[in-house]
Every structure is written in C-alpha cells, then in structure tokens.
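Biologist: Please show me the model, and then I will go through it with a few questions.

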Amino acid sequence: MAQTLDDLPPRAALVEIARDFHARGWMSGTAGNLSAREDDNHFWITASGRPKGRLDELDFLLVRVQDGEVVERVRPENKPSAETAIHRTLYTLFPNARACLHGHSVDACLAADRAKQGAKLLRLAPIEMLKGFDVWQQNPKVDLPLFENVLDVARIADDIRKRFAKTAPAVTALMVRSHGPTVWGASLQEAYNRFEILEFILRYQARSRR
Ligand SMILES: [Zn+2]
C-alpha cells in the first residue's frame, strides 16, 4: 500500500478517495467531485454522473485552470461536472492548492442549518480536531465560510471568487448550505485529512445540543 495518497498517481489517489468517501456516505450515488493538480496549469477532475463507489481511472477529465477548457477526456464520453467551476476558482485563487475534494454529507448540512439565515460564516467548535487545520490556540475562534446554494453553479463559484479575493478564509475549506463541503490542501493527503477532520467537527456540531 502507498505510504500516502501523494505516492500514487493523481487519478489512482482520487479513485481511492472516491471509494472511501462513498463508503462513508459522503459521496452517495454520483454526488460530489474530486480533483488534483497535474501541473501548475491543469487539474484532473472526476467526470459528471459516474457512480462514486465504482469509479475508475478512466472516469476523469483534464481541465485547464486558466479558462476551464477540457484538454483530455480519457473516455470520449466523459463530461465535466458543473461544479468544475468551483475547483477552477480555488486553484486560481490558491496556487498552493494541489487537490480539492467536494462531497455531500448529512452532518455538514445539519451543522450549517444552525447558522442564521444569510450568515456568511459558521463558527467551528473549538475542539482538539481543529489542530488538523493548523490552528494552535486555546479556545480558537475559527469560522468556516458559508455560501448559499443556488442552481447556477457558476454563481456560487463567482461568490467564492469575490469573497476570497477580499478576505482569505481561516481554513482551507468552505461549505455550501444544504449541499456540502469543499476542502483543498497543499497535497492530496492534506486535503483528504482535512476533509475528514472537517466532517468530524461538523458531525460533532450537528449532534451537540448547542
Ligand atoms: Zn455538489
């Protein structure tokens, strides 16, 4: 077994993550999308509409960061997900990001429902697990950026771009209400670890009485 996800070729690593997230209920059916940078200018992303528990290395597209152009489809019928725009926005904003993982989870939605309507931030519980986001303070006040879920994904991507261009997020993660979290990292393994940690924190918040 590879020591870390970064010891695998990017598509093999993403296949492993998809099966893992599917088994844990974070990528049910065809939900969610995963990407990893191939080089500074391109990233591999999962094709739209593929069952995430049965993904293989052919279920990918290579997309150019600069303009979203698909430069390789692996299978000719592979279609990019509409949510590719969100990945592209994050790779453009954060040149250090090497991987970007988006899932749909019940606990994340329940935790986000506790934020007031229109709130742009969700305070994360100051539990030990926050250290996984490199937060090393006593009782830290750390907020997860919250975005509204609208049908037009390009608009969500635009909201993300505008807000993060002004204010960098406190964590390498964001949440779209009634939808799911997106987490990015300086490596595939870091993105994976942080997705797991965010899920843990949001699960805790969803279950806590307040
Ligand atoms: Zn989604």
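Biologist: Is serine 178 buried or exposed?
Modeller: The classes rest on relative accessible area: buried is under 20%, exposed over 50%, and partly exposed in between, with a 1.4 Å probe and protein chains only. Serine 178 has a relative accessible area of 54%, so it counts as exposed.

Biologist: What kind of model is this, and how are the residues numbered?
Modeller: This is a predicted model, in which local features need pLDDT of at least 70 and side-chain atom pairs count only at pLDDT 80 or more, while totals for chains, interfaces and linings use all residues. Side-chain values use heavy atoms, with hydrogens and water left out, and residues are numbered along each chain as its sequence is written, from 1.

Biologist: Where is serine 178 found, and what is its phi near?
Modeller: Serine 178 is in the loop between strand E8 (173–176) and E9; helices (H or I, at least four residues) and strands (E, at least two) are DSSP runs numbered from the N terminus. Most residues other than glycine have a negative phi. Serine 178 has a positive one, near 55 degrees.

Biologist: What is phi of asparagine 139 near?
Modeller: Asparagine 139 belongs to the loop between E6 and E7. Its relative accessibility is 57%, so it counts as exposed. Asparagine 139 is not a glycine, yet its phi is positive, near 45 degrees.

Biologist: What separates the C-alpha atoms of glutamine 137 and proline 126?
Modeller: Glutamine 137 is in the loop between strand E6 (121–124) and strand E7 (142–147). It counts as exposed because its relative accessibility is 56%. Glutamine 137 and proline 126 are eleven residues apart along the chain, and their C-alpha atoms are separated by 9.2 Å.

Biologist: Which residues coordinate the zinc ion?
Modeller: Donors are N, O and S atoms within 2.8 Å of the metal (3.2 Å for Na, K and Ca), and sites may look incomplete because water is not among the atoms. The distances here run from 2.1 to 2.7 Å. The donors follow the spacing E-x18-H-x1-H-x74-H along the chain.

Biologist: What relative accessibility does histidine 104 have?
Modeller: Histidine 102, at 4%, counts as buried. Histidine 104 counts as partly exposed because its relative accessibility is 28%.

Biologist: How many aromatic pairs does a search of the whole structure find?
Modeller: Rings of Phe, Tyr and Trp (its six-membered ring) pair if their centres lie within 6.5 Å; planes under 30 degrees apart count as stacked, over 60 as edge-to-face and the rest as tilted. Over the whole structure, the number of pairs is nine.

Biologist: How many residues apart are tryptophan 26 and phenylalanine 195?
Modeller: Tryptophan 26 and phenylalanine 195 form a tilted pair, 5.6 Å centre to centre with 40 degrees between the planes. Tryptophan 26 sits in the loop between helix H1 (10–23) and strand E1 (33–39), and phenylalanine 195 in helix H5 (residues 188–207). Both are buried.

Biologist: What is the angle between the planes of phenylalanine 164 and tryptophan 184?
Modeller: Phenylalanine 164 is in helix H4 (residues 153–166) and tryptophan 184 in strand E9 (residues 180–185). Phenylalanine 164 is buried, at 6%, and tryptophan 184 is buried, at 4%. The pair is tilted, with centres 6.1 Å apart and an angle of 50 degrees.

Biologist: Which ring does the charged end of arginine 11 sit over?
Modeller: A charge sits over a ring if NZ of Lys or CZ of Arg is within 6 Å of the ring centre and within 35 degrees of the ring normal. Arginine 163 lies over the face of phenylalanine 147, 3.9 Å from the ring centre. For arginine 11, at 4.4 Å from the centre, the ring is that of tryptophan 44.

Biologist: Which residues are in contact with threonine 46, leaving aside its neighbours within four places in sequence?
Modeller: Threonine 46 lies in strand E2 (residues 42–46) and counts as buried, at 0% relative accessibility. Contact means heavy atoms within 4.5 Å. The list is Gly32, Asn33, Leu34, Lys52, Leu55, Asp59, Phe60 and Leu61.

Biologist: What is the radius of gyration of the chain?
Modeller: The chain has five helices and nine strands. The radius is taken over C-alpha atoms, and the globule rule is 2.2 Å times the number of residues to the power 0.38. For 210 residues the rule gives 17 Å, and the chain is close to that, so it is as compact as a globular protein of that length, at 16 Å.
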